[in-house]
Amino acid sequence: MRQFPHLKRNHRSGNWVYFRRFPKAAQAATGCIFFERSLRTADRNKIPGAWAIAHQEFEAAVNSSLTAPQGDSAALTQQALHEHPAREAPLPRWDGDLASTLSISNLRMEDITGAIGEWGQRQRFERSQRLLNAPLDKAHKDAFEAECRLVGACGQERSWLIYCPDLHKLTIDLLNSAGIKISTWHASLYLIQLLVENELREVLEAEGRWRKFDFSELPTKPRTTTSNVTLAPNGYQYILLSELV
């Protein structure tokens, strides 16, 4: 049961229970010290899916309590606790397939770091252009502050503990766009996710300096490409007339 921590058993019903202490910062917002959810099963074979649901509920409750405005944290957290996470789940739950989780993949670190670096360079260019074109856009500023809380950039505290659906989805999308195939719940994804998080933190730190009118490192080149494609003078690929038609 080591792969499913924070479990205990109800001595009356025999069902498994997800039981975990809230972080101190979340205790004040939720008004609770412990988080407890019954998995409603005593069968060990049904633990993976039920444990994933309870774990997502806990992470949603912690994230809501740490990111909600003062005065609304408790209400939003209680709503997150009682809403079923599958209604708005950004990712499919783990199906318990250990073969895909522990399968051997032909991953190369240089391919992964190269894809993450190219993504980071593209993010820097796109964010700098967006900031120059709309420096007072409140929606962009709110999204920037939310991302800073997510990864702990620009003086913010990191808002997630063990599992972060947003970073997990970002990692999967980034790898897919680079043509790197990997199972959705592969064991190496946590390491790759940390690399993506570090790159995103550096991008946000750069954007934070730009928002303080420090443009010493403002990128002037568009996104790069790893393919042998002839680029137009503006740095992007040529568009054929047949494609336009």
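What percentage of the 245 residues of the chain counts as buried? I looked this up first. The share is 36%, with buried meaning under 20% relative accessible area, exposed over 50%, and partly exposed in between (1.4 Å probe, protein chains only).

**Ground rules.** I am working with a predicted model, where local features need pLDDT of at least 70, side-chain atom pairs count only at pLDDT 80 or more, and totals for chains, interfaces and linings use all residues. I number residues from 1 along each chain as its sequence is written, and side-chain values use heavy atoms, with hydrogens and water left out.

**Elements.** I find 9 helices and 3 strands in the chain. Helices (H or I, at least four residues) and strands (E, at least two) are DSSP runs, numbered from the N terminus. I read the order from the N terminus as β-β-α-β-α-α-α-α-α-α-α-α.

**Whole chain.** I checked contacts (heavy atoms within 4.5 Å). Of those with a separation of 6 or more, 60% link residues 24 or more positions apart. The accessible surface is about 15100 Å², by the Shrake-Rupley method with a 1.4 Å probe; for residues, only the protein chains shown count as cover. Carbon and sulfur atoms hold 53% of that surface.

**Sheet.** Two strands pair if DSSP finds at least two bridges between them. I note 5 bridges between β2 (residues 16-21) and β3. Tyr18 stands opposite Arg37 in β3.

**His55.** Is His55 buried or exposed? His55 sits in helix α2 (residues 47-67). Its relative accessibility is 6%, so I log His55 as buried. I also took the C-alpha separation of His55 and Arg20: 9.6 Å, at 35 residues apart along the chain.

**Surface patch.** Which residues form a nonpolar patch on the surface? I list Leu132, Phe213 and Phe215, with about 350 Å² of accessible area together. Patch residues have over 30% relative accessible area and no salt bridge; like charges are joined within 9 Å, nonpolar side chains (Val, Leu, Ile, Met, Phe, Trp, Tyr) within 5 Å. A salt bridge puts a side-chain nitrogen of Lys or Arg within 4 Å of a carboxyl oxygen of Asp or Glu. I place Phe215 in the loop between α8 (189-211) and α9 (241-244). At 38% relative accessibility, Phe215 counts as partly exposed.
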